[in-house]
Amino acid sequence: MLTAAGTPLLVFLLLPILALLLKTSPQTVAHYLAERNTLQAIGLSLTTSTITATGVGVFGTPLAYLLARRRFHGRTLIEVLIDWPTVLPPAVAGLALLMAFGRRGLLGGLLQTTGVEIAFTSAAVVLAQMFVAASYYIKTAEIGLAAVGCDLEQAAALDGAGSLAIFRYIMLPLAWRGIVGGAALCWARALGEFGATIIFAGNYPGRTQTMPLAVYIGFEIDLNQALTLAAILLVLSFGILITVRAILRDAPE
Amino acid sequence: MKRLLSLTEGVCITLALCACAVAPPSHTLTVFAAASLTESFEEIGQQFEAARPGVRVFFNFAGSQQLHAQLEQGARADVFASANVKEMDVAIGSSLVVSGTQRVFARNRLVVVYPKGNPGQIAALGDLARPGLKLDLADPSAPVGQYTLDMLGEMSQDDSFGSAFKDRVLANVVSREENVKSVVAKVQLGEADAGVVYSTDVTGQAAKELWTLPVPDRYNQIAVYPIAPMARAPEPALARRFIDWVLSPVGQQTLAKHGFITAD
């Protein structure tokens with residue numbers, strides 16, 4: 001009975017994905033993989049997503065640790081602030097980034113006087129991805145870090161370990177699942193980012209045209225190129241999700 | 001009891017009147033039109049609705065190539081108005097439009113726009129090739145993008161600009177937008193130093209924030225806009241009426257008011 005009730009939604013989720021894969025022949029994929037435009041989009045996407053995940057990992061881990069361990073006033077507000085970009089429509093996120101970092105933006109205006117312009121650069125692509133994907137890492141890493149027993153930290157501190165050593169030798173090894181899983185989710189979300197990218201970073205092959213943008217533009221010009229990129233994105237995201245599931249499933253209770 | 005009855009009667013009559021007032025339209029006309037037609041077609045749509053009570057006109061504005069892609073994938077529309085002959089010809093080739101039913105209803109020309117305040121310090125057309133200038137153009141797949149490339153090609157054949165002009169200008173392009181309105185928006189925001197759009201796009205709010213540099217006729221591209229009823233339109237008669245309206249003196253006057261060059 002439960003299975004019957006759940007099946008329609010599952011079929012609905014599976015059908016478009018299957019349809020996309022079936023409509024893309026291996027010959028088409030092989031043909032377009034040889035094209036400069038396609039390779040540029042793939043290369044740019046992979047590079048920017050990796051930089052994003054790394055950046056979020058470096059800057060987000062202290063935040064995740066803070067949320068995992070400390071109680072403080074305004075905690076709810078911080079959590080909402082971290083989650084907010086994920087709930088915002090990506091186009092809104094793009095507009096907001098433009099208002100902040102654009103040439104006439106809040107911070108962008110200042111930066112421009114020093115000759116730094118962010119919009120329309122690959123850096124803008126990374127910023128757009130970080131804005132929308134950071135929460136995926138922070139939330140998952142927070143859960144992983146929170147699962148590490150306080151007593152272990154305290155024992156290490158009693159034995160004379162400094163905070164950095166505690167983090168490196170106690171927290172990290174025990175919370176690695178949450179950290180790696182979170183980074184993978186962040187990477188996948190960054191890979192799929194579109195709305196904020198096209199508004200803030202623009203669309204230029206090799207510089208800001210990531211795979212999702214190439215799919216969008218390609219749909220209007222060359223459906224087969226769009227299908228090729230879409231198929232690759234499908235396979236990549238599927239692989240990530242399977243990996244993340246495997247990593248997080250074996251977490252000790 | 002009597003008061004309750006008259007109150008109930010009153011409520012019923014009011015509800016019935018409301019129901020009549022918000023009765024669903026008897027006919028809906030779906031028009032897929034190029035993004036540059038936004039302002040003019042919305043006004044024409046209102047005129048058409050006013051002349052035909054019970055008819056609602058629904059517009060889908062986007063880059064002509066995007067509209068054609070949607071139609072190709074099965075989107076239902078009654079009328080297709082494109083910003084170039086190419087997309088209409090492709091639609092005819094795909095049997096979305098019956099050959100011979102298309103009519104040219106307007107023409108447009110290009111103009112160089114730059115943000116109010118001129119951050120790129122543009123004084124003449126030659127400045128478009130200045131290294132370091134940030135130029136925002138439409139993607140070549142959009143009609144205005146192709147027209148821009150053609151215009152640059154014409155300019156490159158002129159000695160005053162030189163044969164390398166087009167390449168140097170293209171080296172300044174920072175983004176290729178999917179439709180002309182995105183170019184307008186980015187230049188308006190000051191994100192780009194300049195852009196190339198239709199002269200009709202310098203309108204409304206945009207007109208206050210954009211300064212323009214006209215392009216002489218000898219380089220300027222005349223964009224030709226065809227309109228046609230869809231082969232499998234849900235409302236074929238209404239589609240023809242709408243196209244007649246666009247081609248009528250009222251429609252043509254409205255287009256002219258928004259800066260278009262009329263069909264003849």
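Good morning. In chain B, 20 residues of domain 1 are in contact with 18 residues of domain 2, where contact means that the C-beta atoms, placed from the backbone, lie within 7 Å. On the domain 1 side, helix 3, strand 4 (103–115) and strand 9 (222–229) of chain B each supply at least two residues. Helix 3 of chain B gives the largest share, three residues. That side divides into nine nonpolar, eight polar and three charged residues. Here Ala, Val, Leu, Ile, Met, Phe, Trp, Tyr, Cys and Pro count as nonpolar, Asp, Glu, Lys and Arg as charged, and the others, Gly among them, as polar.

This is a predicted model: local features need pLDDT of at least 70, side-chain atom pairs count only at pLDDT 80 or more, and totals for chains, interfaces and linings use all residues. Residues are numbered from 1 along each chain as its sequence is written, and chains are lettered from A and ligands numbered from 1 in the order in which they are written.

Domain 1 of chain B covers 2–107 + 224–262, and domain 2 covers 108–222; these bounds come from an automatic or database domain assignment. The C-alpha centres of the two domains lie 30 Å apart.

Let us turn to the two chains. 14 residues of chain B are in contact with 14 residues of chain A. On the chain B side, helix 3 (64–72) and strand 6 (173–177) are the elements that give two or more residues. Strand 6 of chain B gives the most, with four residues. Helices (H or I, at least four residues) and strands (E, at least two) are DSSP runs, numbered from the N terminus.

Next, the core. Which residues touch the most other members of the largest nonpolar core? Among its 131 residues, they are Ala128(A), Cys186(A), Val31(B), Val79(B), Phe80(B) and Ala194(B). Helix 7 (residues 122–146) of chain A provides the largest share of this core, 15 residues. A nonpolar core is a set of buried Ala, Val, Leu, Ile, Met, Phe, Trp, Tyr and Cys residues joined through C-beta atoms within 7 Å. A residue is buried if 20 or more other C-beta atoms lie within 10 Å of its own, exposed if 12 or fewer, and partly exposed in between.

Finally, helix 7 of chain A is mostly covered, with 21 of its 25 residues buried. Helix 7 of chain A also bends by about 45° at Ala133(A), the angle between axes fitted to the seven residues ending there and the seven starting there. Thank you.

Definitions and conventions
Contact = placed C-beta atoms within 7 Å.
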